[in-house]
Amino acid sequence: MSAAVAASGAAASPRRRPRLARTGLAAVLLAVVASVLAYALQAMGLSGERPDNLVAYGIAFGCLSLAGWFAIRRTARAADPVLYPTAILLSGLGLAMLFRIMTANGAPEVARYQAVWLAIGLVCLVVTLFVLRDIRQLDAYTYTIGLAGLILLLLPVVPGIGTEINGAKLWIDLGFLSFQPAEPGRILIVIFLASYLSQRRELLAAGVGRLGLPRPKDLGPLLLAWGVALAVLFLERDMGASLLLFGVFIVMMWVATGRWSYLVLGLLLFAIGAFVGYLAFSHVQVRVDSWLHAMDPKLVADEGYQLSQGWFALASGGTVGTGLGLGSPTLIPYVGSDFILAAFGEELGMLGVAAVLLLYLVLVGRGLRIAVERHDGFEKLLAVGLTTVLGLQVFVIAAGVLRLIPLTGVPLPLVSYGGTSRVATAVILALLLRTSAGPWLRARRDRRGTTEAAKEAS
Amino acid sequence: MDRQIRRLGIAFVALFAVLFAQVAYVQVIAADRIANQPANAARQIRAEYAVERGQILAYDRRTVLAESVPNPDPDSQYRFIRSYPFGELYGQLTGYYSRIYGRSGLEQAMNPYLAGTAPEFTTQNLTDIILGRPKQGGTVLTTLVPRVQRAMQLALGDLHGAVVAIDPTNGDVLGMYSNPGYDPEPLSTGTTQEMEAAWREVTSAPDTPLVAHAFQDLYLPGSTFKTVTASASLEHGWGPLKEWPNPHHLELPGTEAHIENFGDSYCAGGAKTVTMGGAFQDSCNVPFAEIGMALKAERMSGQAQAYGFCRTEPTISLACQDQTIPFVLPWEVGHFPDSMYFENNEAALARSAIGLDNVLTNPLHLALVAAAIGNGGTMYAPRLVAEIRDATTGQTIKTFQPDEFSHPLTADSAAQLRVMMVSVVAGGTGSAAQIDGTVVAGKTGTATNGDDVPPNAWFTSFAPAGPGQTPRIAVAVIVLDGGDIGNEATGGQIAAPIAKQVMEAYLG
């Protein structure tokens, strides 16, 4: 009976998958062409000449992208075919923009490092898929992963290894390597939450009383997460990381239990935390003031400079933009990291920004689709959590640049400058791909099992 | 859980929809308002310098007064630099185009056309985007005639002053030159330090070269204003042959002062009476002061206003109440007091009738008055820009039509006044402006500048002025502070020959 079910499942997918695989390969090739074109255009816009290394760049970018694609086909045959080409297109556009920005700033080597980091991210993606043959392996180490995540989040506070940059303690310096532990920490916390909530969700949901409120003893995890988020905010002064962490937590709580009360309570706690943060910290007050009054003549050249320059870049771009390499995005401080969306806005216009945001929406849509398609609670919650981390991060930085919310310095995934972020996003994508594809070895064993069962039957 | 996941999907779509809405607001709906803020100056200037700004051409469409040339420094962030091939000859008209000091002159007034941002360029700009052509500004075609402008520079030589030439039939500015002028190029190109040095030099130079004597300063017109007083008289029906008492001095009512003729001379050899025509030819002050008082304040002020003189209230403020004659460049229109000012102040009216007291003008306005007389009583506003053309196709994008300003006097009065002005050149104070084979009409003026300072010498004229001829050029000249002959300078002596040279250059 079980063999028959497996056989019918195995028979259904090969009919569907090859076509999707061909479309996916075509999409990767298209993404490569668009990325290389963007690289050529930015160089031509800057200097008026075709870049000398265009062919080499195209071959390198194309080969790496295709190698990644075939590695995914090898290790996760049934994986979602849309995620990877979309990610390649975003990375390629981002890399072209980084070359444009860093060349104008007289430091093209910085963009070359990012190209190397992109390759490292790709390797991490493939390695993750090779090593992690079944996503449910992660479900076995709930508390180990949770503890590791917590340690990573709070590591920068430890004296001696935490480094303060721009008023926030985001970095740890290991001497040979410095990175932002919040990025990998966030992923571990999501894995922990998916594992923990998939085990407890019935209890947590059942515990909601007649008033729609959870029992006091079930509030523990919520308050703990709130405490961690506040700790990140208070000790590391990292508004972005704190916001993302707590946002992911309440979304996953709500999805797992189906109870609105968790969402409402979560938002309430968030509001309290934000208010206390505003009262307690001058750097939060400065952020809020410069957000509200960036265009004020008193602040426009001062605290509001970055935000107002971002708006000026967007407004100067108009509908279609100045063209790659033809605007002045380098007037914006940190345009390569926090404000890269404004650079797209200036040089590719409203249409360019809309296209980039749509690509992220595609990633979010595919991620949630994976969650719906999986049947296991852990896999569902993991896909939801990883997608939410990605989508929320895009929203927080885009809305910050657009002045919808106060600016919190988080990178735009795949596009912004930043090695840690590239690797972390690659791992998120790898986990999503692995979730969507199902286990690697199990599929083989199943196939072998199926044939053996078929032999036995005959 | 699937229901929550679908709701989460909707929530993300909603969040991104808010982002899209804000993108549309910042980049399209409010884009111009945001991008035009002064704090965005750096980006505005760089965008401006990325465009090949249009040329400013003379009327012959060949002589380039200002153009953008590729920056010889390939590393510069500014792709084009502005060049002014004739330097100070046209400097006060083209103005400068400086990334530090902004724009002036035609560079400022015609900026939307030169930069290609005017609404007329929308189609062309879209085509450029589609075809991938670099954006190019429009060509500004002026009315300036290079040989007239050069003749002005040559004729004025080292003398401080200004010359303006107008086509009486349509108000076209044929030439307009002041000395001292300035070369806009050092203010517009080069390093920041070079520009700052050039700016210091031009702003600290004596006699303010950034302000054009021809149209941005005001001076007492003296006897040249008798053209206006005579117009009022003719319009009132008092012809050139009407006799006026001719005392040696005219005592001014209500004061200890009196009016005397130039050099305290006797008009018409001291005869008992003199005709207006005779007094005009010899530029006698006494009869014209009498004419002004006889005409009364209302008529004098009315006539001056018909010529575009701005009403002032000297007892309150010397400033012009509102600009009268339109012009593409910022300019000072002539002043004449409101009639209220002359109530119980007949002395002021007498002085005003001979271009003193609070009457002020400049060569541009005076040339427009002469042009109106020469053109049979129809006065045009000055026109400096004739057309805007597409730089690539040469097509006309916009035409600036001649602008009829007023009818300050009837054709009949204009014809009579023309005869009076012809007699000034033929046998009066303006004989130095005579041209062989061409009838010239003119009026001299010598306006005191204060007690110890040499006078300003004036001449206003038009030609050809024979019966039935249509004048083709009106010229007004001022030579400041007596030119090179000091206290003895008169308009007839020093200004009339300059007008003659300019008219000869044009009429050939």
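How many of the 5 residues of strand β16 (residues 385–389) of chain B are buried? The count is 4, so the strand is mostly covered (a residue is buried if 20 or more other C-beta atoms, placed from the backbone, lie within 10 Å of its own). This is a predicted model: local features need pLDDT of at least 70, side-chain atom pairs count only at pLDDT 80 or more, and totals for chains, interfaces and linings use all residues. Residues are numbered from 1 along each chain as its sequence is written, with chains lettered from A and ligands numbered from 1 in the order in which they are written.

**Sheet of chain B**

- An open sheet of 6 strands runs in the order β3-β2-β1-β6-β16-β17 in chain B, with mixed pairing. Strands are DSSP runs (E, at least two residues), numbered from the N terminus. Two strands pair if DSSP finds at least two bridges between them.
- β3 (80–83) and β17 of chain B are the edge strands; each has a single partner strand, so one side of each lacks a neighbour in the sheet.
- Strand β1 (residues 56–57) of chain B pairs antiparallel with strand β2 (residues 64–70) of chain B over 2 bridges. Ile56(B) has Ala66(B) as its bridge partner in β2(B).

**Neighbours of β16(B)**

- Strand β6 (residues 139–142) of chain B runs antiparallel to β16(B), joined by 4 bridges. Val140(B) lies opposite Ile388(B).
- Strand β17 (residues 396–399) of chain B is also antiparallel to β16(B), over 3 bridges. Arg389(B) has Thr396(B) as its bridge partner.
- β16(B) and β17(B) make a hairpin with 6 residues between them. In the turn, Gly394(B) has a positive phi of about 80°.

**Helix pair in chain B**

- Helix α8 (residues 146–156) and helix α17 (residues 491–507) of chain B cross at roughly 155°, their axes coming within 9 Å. Helices are DSSP runs (H or I, at least four residues). Axes are lines fitted to C-alpha atoms over the stretch in contact, and angles run from 0 to 180 degrees between N-to-C directions.
- α8(B) and α17(B) are therefore roughly antiparallel (angles over 145 degrees).
- The contact of α8(B) with α17(B) includes Ala151(B) and Met152(B) from α8(B), and Ile498(B) and Val502(B) from α17(B). Contact requires C-beta atoms, placed from the backbone, within 7 Å.

**Interface of chains A and B**

- 39 residues of chain A are in contact with 28 residues of chain B.
- On the side of chain A that touches chain B, α12(A) gives the largest share, 12 residues.

Technical notes:
Buried ≥ 20, exposed ≤ 12 C-beta atoms within 10 Å, placed from the backbone. Parallel < 35°, antiparallel > 145°, perpendicular 65-115°, else oblique. Contact = placed C-beta atoms within 7 Å.
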